[in-house]
Amino acid sequence: MARYVIVGAGPAGVIAAETLRQQDADGEIVLLGGEPEPPYSRMAIPYYLTGGIEESGTHLRKAQDHYAKLGIEVRQAAVSKVDTGANSLVLADGSALPYDQLLLATGASPVRPPVPGLDLPGVHHCWTLEDARQIADLADPGASVVLMGAGFIGCIILESLLARDVKLTVVEMEDRMLPRMMDQTGGAMIKRWCEDKGTSVLTSTKVTEIKAADGGGLQVVLDSGEQVPAALVVVATGVKSNAELAQDGDIKVDQGIVVDNYLRTSVPNVYAAGDVAQAPDHSTGGWSVLAIQPTAADHGRVAALNMAGVETTYKGNLAMNVLDTAGLVSVSFGRWDGGDGCETAESVDAENFRYMRLVFDGDRVVGALCLGHTDHVGVLRGLIQGDVRLGDWKARLQADPCRIMEAYLGSTLS
Amino acid sequence: MAWARKLLRVDLTKGTCTSEPLNMDWAQRYLGQRGLATKYLTEEIDPKVDPLSPDNKLIMTTGPLTGTCASTAGRYSVVTKGALTGAIACSNSGGFFGNEMKNAGWDMIIFEGKSAKPVYLFVQDDKAELLDAGEHWGTSVWDTEENIKKKHQDPMIRVASIGVSGEKGVKFACVVNDMHRAAGRSGVGTVMGSKNLKAVAIRGTLGVKVKDIGAFMTATANGKAILAENAVTGQGLPTYGTQVLMNVINEVGALPTRNHRDVQFEGAGDISAEKMHEKRASDGKSNLITNGACFGCTIACGRISQIERTHYTVVDRPQYQKASGGLEYEAAWALGAATGVDDIDALTFANFICNEQGYDPITFGATVGAAMELFETGAITTKETGGIELKFGNTKALTELAEQTGRGEGFGAEIGLGSKRLCEKYGHPEMSMSVKGQEFPAYDSRGIQGMGLAYATSNRGACHLRGYTVASEILGIPEKTDPLATEGKAGLVKAFQDATAAFDSAGLCIFTSFAWTLEDVAPQLDSACEGEWSVEKLLEVGERIWNLERQFNLAAGFTGKDDNLPARLLKDAAKSGPAEGKVNGLGEMLPEYYQLRGWTTEGVPSNQTVERLGL
Amino acid sequence: MNTGKRLMQKSLHIDPGKCTGCLQCEMACSLDNEGAFNPAKSRIKVFDFHAEGRFVPYTCTQCAEAWCMKACPVDAISVDTLTGAKVVSDALCVGCKVCTIACPFGTINYNQTTGKVLKCDLCGGDPECAKACPTSAITFIDADWTGLERMRDWASKTDSGTRAEA
Ligand SMILES: Cc1cc2nc3c(=O)[nH]c(=O)nc-3n(C[C@H](O)[C@H](O)[C@H](O)COP(=O)(O)OP(=O)(O)OC[C@H]3O[C@@H](n4cnc5c(N)ncnc54)[C@H](O)[C@@H]3O)c2cc1C
Ligand code: SF4
Ligand code: SF4
Ligand code: SF4
């Protein structure tokens with residue numbers, strides 16, 4: 001009977017555990033989490049912050065006995081070392097946990113920029129449930145809040161902070177919001193949308209220091225010399241994979257833990273999935289770390305199938321993000337920024353906050369951006385990841401890029 | 001319930017859009033769509049107004065059932081004073097636009113005044129705004145529709161627009177929605193053009209509810225079952241479309257041919273439904289690609305056709321090589337029999353152009369027929385036609401004029417006057433085959449007597465959709481009457497006219513009446529709408545609407561003398577077929593009709609009638 | 001979590017060749033799910049390929065991969081064990097929209113009015129769209145039979161190579 005050990009109780013770990021159980025009714029499955037919580041979803045944190053759900057609403061599975069029923073042993077135990085030679089883990093308390101097949105799904109951690117004052121009380125990341133509790137405590141209606149970073153995660157948090165009616169200032173070092181998810185056109189529209197809603201957005205601006213203010217609170221010093229008072233500073237300046245565990249063994253590590261098309265690391269019975277994994281990339285043909293939920297879910301499933309002996313090739317990472325910024329929904333897929341030899345089709349209605357951009361490589365769609373669209377956007381994934389050859393539909397999409405659903409049906413069902 | 005209870009008033013002069021509650025008292029008396037909009041129009045404009053002046057108004061209107069799952073309940077109408085006729089105009093269209101308007105929460109949109117520059121109305125649920133149409137002015141219906149969807153980045157928007165012909169004042173321009181569905185007759189698109197209103201684009205997401213959903217689902221399911229079992233609506237129309245009539249009407253000797261000089265067309269078979277189905281030798285394909293439905297329609301008579309790629313009309317013109325709305329019977333007749341042209345692909349092409357540039361194929365074909373007679377009799381020559389040898393049967397002349405009329409250019413601009421003005425201009429008013437300025441559709445009243453009376457008394461000018469006695473006289477629905485007899489036709493015409501007014505005001509397609517009577521409609525309305533809707537009430541509403549329209553026309557300056565037919569139909573006997581030797585017996589039917597209607601011998605509703613109907 | 005083995009289950013079978021584009025299915029679907037005739041909120045959509053004279057009704061195939069369900073961070077989508085349908089629980093859904101980009105068929109969509117997502121739930125095993133279709137373009141039949149295999153093929157292309165769960 002095989003013993004599967006999964007390190008990390010986020011979505012990648014949980015989906016892997018469940019998939020393993022489907023494939024192998026008898027194997028022993030141990031799921032290790034490093035935080036003092038039941039398996040939960042970081043992605044749900046923003047909805048906890050808005051008050052939309054209770055803490056329990058962030059839990060990945062709702063039934064108390066869900067894991068027990070499936071015979072999955074969930075343990076809170078931080079892992080300090082992987083001994084690939086001995087096929088065994090060393091836990092924080094020094095005990096050993098042997099495995100036959102190992103999955104590393106330890107996720108990522110927020111990056112701490114080199115800014116003085118980040119350890120002051122009132123400065124928080126927004127990554128764990130514990131962080132969220134702290135933020136919820138400080139982000140009262142009317143409170144001044146500075147959000148450092150207007151990337152994807154920053155913008156998600158922005159939405160929940162706005163919902164809490166705080167007085168918000170967003171500081172982004174780059175020249176637009178969402179520099180890695182939106183182009184200039186889209187980023188500018190989102191910025192204008194936020195400003196219309198009364199949020200101050202400072203792009204091309206750096207935080208140089210955070211100081212304790214006289215009489216309590218914080219002062220956020222900007223490179224413009226300006227100082228913004230704040231009761232709370234939320235730091236969302238990027239994440240990096242939690243690959244340290246794998247660092248000193250035979251497991252190949254680059255930006256994350258490097259895996260092949262089967263989500264297997266350089267050690268045959270060790271797999272990696274989710275934010276920690278650097279996996280083959282569908283768009284570039286290289287390897288990438290994509291710290292997003294759908295990728296974590298796909299990785300978890302495909303890794304588990306392979307661990308259980310059902311050989312399954314992973315089609316490759318595809319960047320995909322959906323974001324709701326105070327009612328303005330934006331979506332990005334794949335190589336939206338184009339690149340060598342790519343063609344684009346765009347439709348811009350700035351006044352009404354609607355935007356659609358498609359990127360083609362030959363007669364395939366390889367990337368897309370949309371703003372203000374919610375209908376059938378998933379089909380962009382189908383078009384891109386399915387490598388759908390568009391034929392005449394390419395010209396029609398060039399004439400009107402919003403016809404994605406018709407293009408998909410027209411090219412696949414004919 | 002059923003009604004959205006709201007109308008949108010758009011003042012084009014001021015550029016404002018305002019919401020008003022719908023007058024629900026009127027709704028109980030005029031139901032909706034044709035009836036209710038006519039009530040609003042008669043209350044709001046002077047019937048003597050020049051149809052193309054800013055003082056005329058244009059109303060787009062749905063019925064209470066529009067947007068529900070009752071079969072065919074996606075209709076809307078355009079009501080105004082007609083540019084072609086100067087009479088009340090109400091043109092009904094299917095497609096999907098009507099549903100969209102209702103789903104956006106509007107029973108009606110009233111356009112008034114005139115915009116200083118071209119605009120279009122954009123409606124998203126309760127948000128409505130007038131937007132600049134500069135970039136769309138001068139483009140076809142097809143391009144306008146596509147470009148508006150593209151601009152707003154929403155392929156689900158539904159658009160009703162006018163083509164270049166409507167901008168250029170072609171007198172029989174229509175309002176086209178969903179590429180090939182049109183509020184076709186009487187020049188309602190011309191009125192829209194005169195207001196500098198290029199299009200109305202709507203996206204509706206609010207939903208439509210009915211009074212008693214349980215009863216409504218039962219009533220509509222019963223209705224659908226009847227349509228499915230009926231030979232005409234269950235088989236004939238879906239398979240052959242309205243074109244099923246071409247050979248039938250030719251055989252009974254009532255297919256007006258070459259400007260009504262003949263009543264049978266030797267080329268009928270070549271332009272018939274059967275021909276559209278036939279596989280071509282050249283490419284093994286048929287003209288007809290498929291049938292298509294309008295919103296909610298379980299009949300699906302619509303034709304989607306494609307022209308043979310090598311046909312002269314489409315070579316090197318890919319936009320016409322695609323499938324689009326194909327020939328309906330009336331269009332096939334007007335473009336074909338009326339002009340003596342029997343090339344199905346040429347007719348399909350002309351029909352595409354009618355849709356693309358937004359004008360009525362019936363009036364167009366009939367006017368070309370009249371012009372051909374003018375040409376053959378020497379009243380006009382190639383000097384007037386710009387070199388076109390305008391002889392009956394000249395296929396290329398037909399397609400060339402279709403394009404010219406679409407652009408409002410060349411001799412097409414003169415065709416754009418309609419036959420009455422054209423024939424008067426060249427000194428032969430008798431050659432115009434029209435009543436109250438509007439051309440006949442595809443039934444010769446020498447072979448189908450009742451239709452003569454229906455045409456003569458139709459409130460919007462010659463028309464088959466105001467009292468389709470063909471159903472009884474030819475098809476035996478609800479019972480067979482002798483097409484060559486005049487006895488009993490006055491009553492028949494009145495009954496059809498009143499019932500039709502009720503159907504047209506409900507949001508339903510009149511083709512349901514091949515299978516449904518008001519007995520089948522009443523339970524659908526009664527379960528959907530506030531108030532009680534019995535057959536008797538519907539008949540009364542129908543009659544009230546008919547009389548209201550009549551009063552409008554009388555006030556506009558029409559008299560009983562206009563309830564007439566061209567001399568050709570009254571004096572020149574049919575030359576062949578079962579009706580050989582016959583003329584139309586209008587004189588025998590009209591007095592009885594007036595009497596049954598409760599009108600004076602001058603054709604004016606008597607005080608008693610006015611009172612009885614509460615007008 | 002049940003992955004909904006679909007063995008003897010029924011599926012919607014769609015035959016575009018029979019569709020006339022009347023949208024009765026959209027009305028039936030929206031009536032059942034939204035309480036009003038409101039095609040804009042229908043889970044099934046008919047696409048009109050006007051230039052080809054073709055109408056294509058389209059909705060969720062209840063695909064074996066269940067991308068939407070797996071991507072959901074809060075377990076708001078589950079398999080109805082009776083029908084095999086992947087069903088959204090409005091009570092649990094937080095409206096994050098991740099499912100809408102995860103489904104490669106575009107058949108789960110965000111509803112801005114409610115802040116939740118819409119997808120086909122097979123009406124609990126008695127699909128209204130199939131009952132409303134006047135031409136039998138939509139039928140509800142044994143899963144093995146459905147022409148939806150083609151679409152599932154695309155699903156597997158989007159993913160991996162195996163169809164372990166199918
Ligand atoms: C506020 C917020 C909003 C987000 N919104 C979105 C969004 O809208 N869309 C989207 O696609 N993504 C979003 N994400 C990202 C998404 O949550 C992550 O991509 C996803 O959680 C990754 O899953 P994972 O299983 O790989 O890692 P994680 O969810 O990070 O789980 C890692 C697990 O590993 C455990 N662990 C780590 N180290 C050890 C160790 N040494 N020993 C034992 N256990 C360990 C952790 O305790 C945790 O249980 C958001 C993230 C945040 C923080
Ligand atoms: S919505 Fe999409 S991903 Fe979800 S079950 Fe249906 S087809 Fe599959
Ligand atoms: S939108 Fe709702 S159902 Fe979809 S992934 Fe988010 S929480 Fe789950
Ligand atoms: S099965 Fe039900 S929910 Fe699904 S598309 Fe049909 S009517 Fe809609």
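Predicted model: local features only at pLDDT ≥ 70, side-chain atom pairs only at ≥ 80, totals over all residues.

Is A:Glu73 buried, partly exposed or exposed? Let us take that as the start of Exercise 1.

Residues are numbered from 1 along each chain as its sequence is written, chains are lettered from A and ligands numbered from 1 in the order in which they are written, and side-chain values use heavy atoms, leaving out hydrogens and water.

**Exercise 1. Classify A:Glu73 and find the partner of its side chain in a salt bridge.**

Step 1: Recall the classes: buried means under 20% relative accessible area, exposed over 50%, and partly exposed in between (1.4 Å probe, protein chains only).
Step 2: A:Glu73 has a relative accessible area of 34%, so it is partly exposed.
Step 3: Recall that a salt bridge is a side-chain nitrogen of Lys or Arg within 4 Å of a carboxyl oxygen of Asp or Glu.
Step 4: The partner is A:Arg75, with 2.9 Å from N to O. A:Arg75 is partly exposed too, at 29%.

**Exercise 2. Work out which parts of chain A are tied together by the pair A:Asp361 and A:Arg335.**

Step 1: The side chains of these two residues form a salt bridge at 3.7 Å, N to O.
Step 2: A:Asp361 sits in strand β25 (residues 354-361), and A:Arg335 in the loop between β23 (328-334) and β24 (343-349), so the pair links parts 26 residues apart in sequence. Strands (E, at least two residues) and helices (H or I, at least four) are DSSP runs, numbered from the N terminus.
Step 3: Now the accessibility: A:Asp361 is partly exposed at 26%, whereas A:Arg335 is buried at 19%.

**Exercise 3. Describe the shell around ligand 2.**

Step 1: A residue is near a molecule if one of its heavy atoms lies within 4 Å of it.
Step 2: Residues of chain C surround the ligand, among them C:Cys60, C:Trp67, C:Lys86 and C:Phe105.
Step 3: The shell divides into 7 nonpolar, 3 polar and 2 charged residues. Here Ala, Val, Leu, Ile, Met, Phe, Trp, Tyr, Cys and Pro count as nonpolar, Asp, Glu, Lys and Arg as charged, and the others, Gly among them, as polar.

**Exercise 4. Summarise chain C.**

Step 1: Chain C has 5 helices and 8 strands.
Step 2: Their order along the sequence is β-α-β-β-α-β-β-α-β-β-α-β-α.
Step 3: Of its 166 residues, 65% are buried.
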